[in-house]
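Open the structure in your viewer and keep the selection tool at hand. This tour tells you what to select next and what is there.

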Amino acid sequence: MDAQMTRKIRLRAAELVDQGWCQGVTARDEKGHISWATSLAATSWCMFGALKRAAFELLGSEEAVAVSDGLGSNPHWNDAPGRTADEVAARLREMAERG
């Protein structure tokens, strides 16, 4: 995958986190139930889940989900006590700009 697509995926992931963010699972639906990150029912995502969803949206296949594994997510960082959605979205944007 080229650097431009990696950047787009990370920026889209930041947008998703801005829409809804969660901890402890990759995604949740509007009722707070655990959801697949790529599900249309998902309304909030952890950092990793947002990367999965963004890759799926932009690359359009299940293969994209495997690609998302190499985009720089750290579940322990996302799930740290006191972490905020703003911090996660900002980190994704920083990663997008660094390449």
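The stops below run from the whole chain down to single residues.

**Before you start**

This is a predicted model, in which local features need pLDDT of at least 70, side-chain atom pairs count only at pLDDT 80 or more, and totals for chains, interfaces and linings use all residues. Residues are numbered from 1 along each chain as its sequence is written, and side-chain values use heavy atoms, with hydrogens and water left out.

**Stop 1: the whole protein**

Show the cartoon. The protein has five helices and two strands. Helices (H or I, at least four residues) and strands (E, at least two) are DSSP runs, numbered from the N terminus. Along the sequence the pattern reads α-β-β-α-α-α-α.

Switch to the surface. Of the 99 residues, 40% are buried. Buried means under 20% relative accessible area, exposed over 50%, and partly exposed in between (1.4 Å probe, protein chains only).

Now think about contacts, meaning heavy atoms within 4.5 Å. Among contacts with a separation of 6 or more, 53% join residues 24 or more positions apart.

**Stop 2: the core**

Select W45, M47 and L92. They have the most contacts inside the largest nonpolar core, which has 19 residues. Which elements give two or more residues to this core? They are α1 (3–19), β2, α2 (47–59) and α5 (85–98). A nonpolar core is a set of buried Ala, Val, Leu, Ile, Met, Phe, Trp, Tyr and Cys residues joined through side-chain atoms within 4.5 Å.

Stay on L92. Leaving out residues up to four places away in sequence, L92 touches R10, A13, A14, V17, M47 and L51.

**Stop 3: helix α2**

Select residues 47–59. Helix α2 has 13 residues and spans 18 Å from its first C-alpha to its last, close to the 18 Å expected at 1.5 Å a residue. The expected span is 1.5 Å times one less than the number of residues. Colour the buried residues of α2: M47, G49, A50, L51, K52, R53, A54 and A55. Then step just past α2 to G60, which takes a positive phi of about 70°.

**Stop 4: strand β2**

Select residues 42–45, strand β2. A42 lies in this strand. Is A42 buried or exposed? A42 counts as buried because its relative accessible area is 6%. Residues up to four places away aside, A42 touches A27, R28, D29, S35, W36, A37 and R53. Its C-alpha is 9.2 Å from that of G32, ten residues apart along the chain.

Move to S44, also in β2. S44 is buried, at 10% relative accessible area. Beyond residues up to four places away, S44 touches G20, W21, C22, T26, A27 and R28.

**Stop 5**

Pick T38, in the loop between β1 (27–29) and β2. T38 is partly exposed because its relative accessibility is 24%. T38 and A27 are eleven residues apart in sequence, and their C-alpha atoms are 8.6 Å apart.

**Stop 5: around W77**

Finish with W77, R83 and R91. R83 lies over the face of W77, at 3.9 Å from the ring centre. R91 lies over the face of W77 too, at 4.0 Å from the ring centre. A charge sits over a ring if NZ of Lys or CZ of Arg is within 6 Å of the ring centre and within 35 degrees of the ring normal.
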